[in-house]
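Please look at the sequence and the structure below before reading on.

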Amino acid sequence: MTSSTADVVIVGAGFGGMYMLHKMRGLGLRAIVLERATGVGGTWYWNRYPGARCDVESMQYSYSFDPQLQQEWNWSERFASQPEILSYANHVADRLDLRRDIRFETSVTSAAYDEASQSWMVGTDGGDTVTARFCVMATGCLSTSRQPDFPGLSNFKGKTYHTGHWPHEGVDFTGKRVGVIGTGSSAIQAIPVIAEQAAHLTVFQRTPNFSIPTRNKAMDGAYEGWWKKDYPKHRNLARTLRAGVITNLNDMSALSVDAAERQRVYEDRWALGGTSFMASFNDLSVNKASNDTAAEFVRSKIRATITDPAVAEILLPHNHPIGTKRICVDSHYYETYNRPNVSLVDVRNSPIETITADGVMVAGREYPVDIIVFATGFDAMTGTLVGINPHGRDGATLAEEWEAGPRTYLGLMSAQFPNLFMITGPGSPSVLSNMIVSIEQHVDWVSDCIAYMNRNGLTAIEPRRDAQDAWVEHVNEMAFRTLYPTANSWYMGANIPGKPQVFMPYIGGVGAYRVKCDDVAAKGYEGFELGAGQARAAAE
Ligand code: NA7
């Protein structure tokens, strides 16, 4: 058991934590990163399931802070696979010599603010403590996996895996009967790959999802050259856009054109592939009638792809507007259901009853499987933070403060928790954006804030409660201008029994959000209380 001190303790060595460490070194500060995995990469370290791939184009899914780094790295495909993204994370860690300040295989179990010393004491599962003035939670938005508590699971004789904790050595499905539970993004990517290997694959689907083909392909040299020739210009543009991704938004309503033209636009987008399908028109996320046209187009594609109409019927998404649950992208997902070794079980009206020794029981029928893959998602956005449950000022705990849903100012800090920053926390664009763009924006902002405090002899920063309340209200108000809250999604916390149903990410757009954050900083951190230790103690 050791106790160490640093200027900054950073939790997590994914893309957020890695860049945060680099920036802190740039300020001449000592930072220690605590990471539960054996390596860097965060989400891309854990989600090694077959078919895992980013849904943001690779030319846009990388750090922009280092001109040489973005020039020297070459992506091999239009959409990068998990192994390639993990290689990139490792390359960055080597190049910036990050590992010497990262403690791997170290889970954070507690974090407590000491008001007297104005510092955080962070405890680990090994019994170590790190004390630092600032604590930065770079813990990721989808880092606490969720496996429903199916009765009988402990009796199962075969092997079980969760997509978010995939074994490093991989899983051999050859000759096996495999069950996949869930049909979210992870399952939709994994199912076609597993089906190719398994003797038989049974998919247990509760809610059908909309999925768009990725049309992934090898990187086109000319396309890569186009990006790299003007990388800073493209990056700057991305930072001003709604999702931090350069897409070709068709800036007109779906209802402003006739049915034939609409069909042509959707066909073009379908052929192009990827999430830019949602940019076919400018009102798909706000106007239900417009959204219906896109949803019906995708349903028509599903019907046309699936040979068995009864199977197609089960796969047709009807219970949420398209895009209000994270739109999925796939490689041959729907086609997979035409394979003779794949079957689909609808568990919407007859939920999984039990897991038996040999299979999965639904509506009194046992589906025999040797392997179960849980593609059942995450306690998104708040799960990891509330799990650590930081203890702040005056006995406040994050779990209590967020009992009715997360409360932050700008998704960066929470009242009662001085000097505790979150990277892409709830209340920021985070999961509705290109994560690396949002990570860089937050890390830069936090880093500038710490530099400002140091320059001005300030030792503590905390959001004012009124500023936080107003921001939470704004986040909520923006969400309810869209169709998003109509879906039972993990954005709303709806996938976790008992979790408060609050729309967690900020939907106002990456560009507008950045302007707001910059403005707050320019006004001397408007909405925050900043103080020097002695002054604060004297005032209280
Ligand atoms: P998701 O998108 O949360 O998907 C989880 C899936 O698991 C979803 O289809 C769920 O159905 C299903 N699920 C969860 N619990 C059950 C039970 N008890 N029975 C049957 N089915 C169940 O997680 P992913 O990992 O796919 O994707 C997460 C994000 O990662 C994704 O959005 C991208 O941003 C990257 P439900 O819809 O709740 O009915």
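Helices (H or I, at least four residues) and strands (E, at least two) are DSSP runs, numbered from the N terminus. Gly 493, for example, lies in the loop between helix 15 (465-479) and helix 16 (510-522). The model is predicted, so local features need pLDDT of at least 70 and side-chain atom pairs count only at pLDDT 80 or more, while totals for chains, interfaces and linings use all residues. Residues are numbered from 1 along each chain as its sequence is written, and side-chain values use heavy atoms, with hydrogens and water left out.

## The whole protein

The protein contains 17 helices and 19 strands. Its C-alpha trace spans about 75 × 55 × 45 Å along the principal axes. The radius of gyration, taken over C-alpha atoms, is compared with a globule rule of 2.2 Å times the number of residues to the power 0.38. For 540 residues a compact globule would come out near 24 Å, and the value of 24 Å for the protein agrees with this.

A residue is called buried under 20% relative accessible area, exposed over 50%, and partly exposed in between (1.4 Å probe, protein chains only). Of the 540 residues, 57% are buried. Accessible areas come from the Shrake-Rupley method with a 1.4 Å probe, and for residues only the protein chains shown count as cover. The accessible surface is about 21,400 Å², and carbon and sulfur atoms hold 51% of that surface.

Contact means heavy atoms within 4.5 Å. Among contacts with a separation of 6 or more, 71% are between residues 24 or more positions apart.

For charges, Lys and Arg count as positive and Asp and Glu as negative; His and the chain ends are not counted. The place of a charge is NZ of Lys, CZ of Arg, CG of Asp or CD of Glu. The protein has 49 positive and 58 negative side chains, and the centres of the two sets lie 3 Å apart.

## Two helices

The expected span of a helix is 1.5 Å times one less than its number of residues. Helix 14 (residues 435-455) has 21 residues and reaches 30 Å between its end C-alpha atoms, close to the expected 30 Å. After helix 14 comes Gly 457, which has a positive phi near 65 degrees.

Helix 9 (residues 288-305) has 18 residues, which should span 26 Å; the end C-alpha atoms are 25 Å apart, which agrees. Buried residues of helix 9 include Ser 290, Ala 294, Phe 297 and Ile 302. What do the buried residues of helix 9 pack against? They pack against strand 10 (211-213), helix 8, helix 10 (309-315) and helix 11 (333-336).

## Residues in loops

| Residue | Relative accessible area | State |
|---|---|---|
| Met 252 | 33% | partly exposed |
| Asn 389 | 18% | buried |
| Gln 416 | 13% | buried |
| Gly 493 | 0% | buried |
| Glu 115 | 34% | partly exposed |

Asn 389 lies in the loop between helix 12 (383-388) and helix 13 (398-401). Its phi is positive, about 50 degrees, although Asn 389 is not a glycine.

Gln 416 is in the loop between helix 13 and strand 17 (420-422). Gln 416 is not a glycine either, yet its phi is positive at about 90 degrees. Not counting residues up to four places away in sequence, Gln 416 touches several residues, including Arg 393, Asp 394 and Glu 462.

Glu 115 itself sits in the loop between strand 4 (108-114) and strand 5 (119-124).

Met 252 is found in the loop between helix 7 (231-240) and helix 8 (259-272). Leaving aside neighbours within four places in sequence, Met 252 is in contact with Val 257, Phe 281, Asn 282 and Asp 283.

Gly 493, with neighbours within four places again left aside, is in contact with Lys 499, Pro 500, Gln 501, Val 502 and Met 504. Gly 493 and Ala 380 are 113 residues apart in sequence, and their C-alpha atoms are 7.2 Å apart in space.
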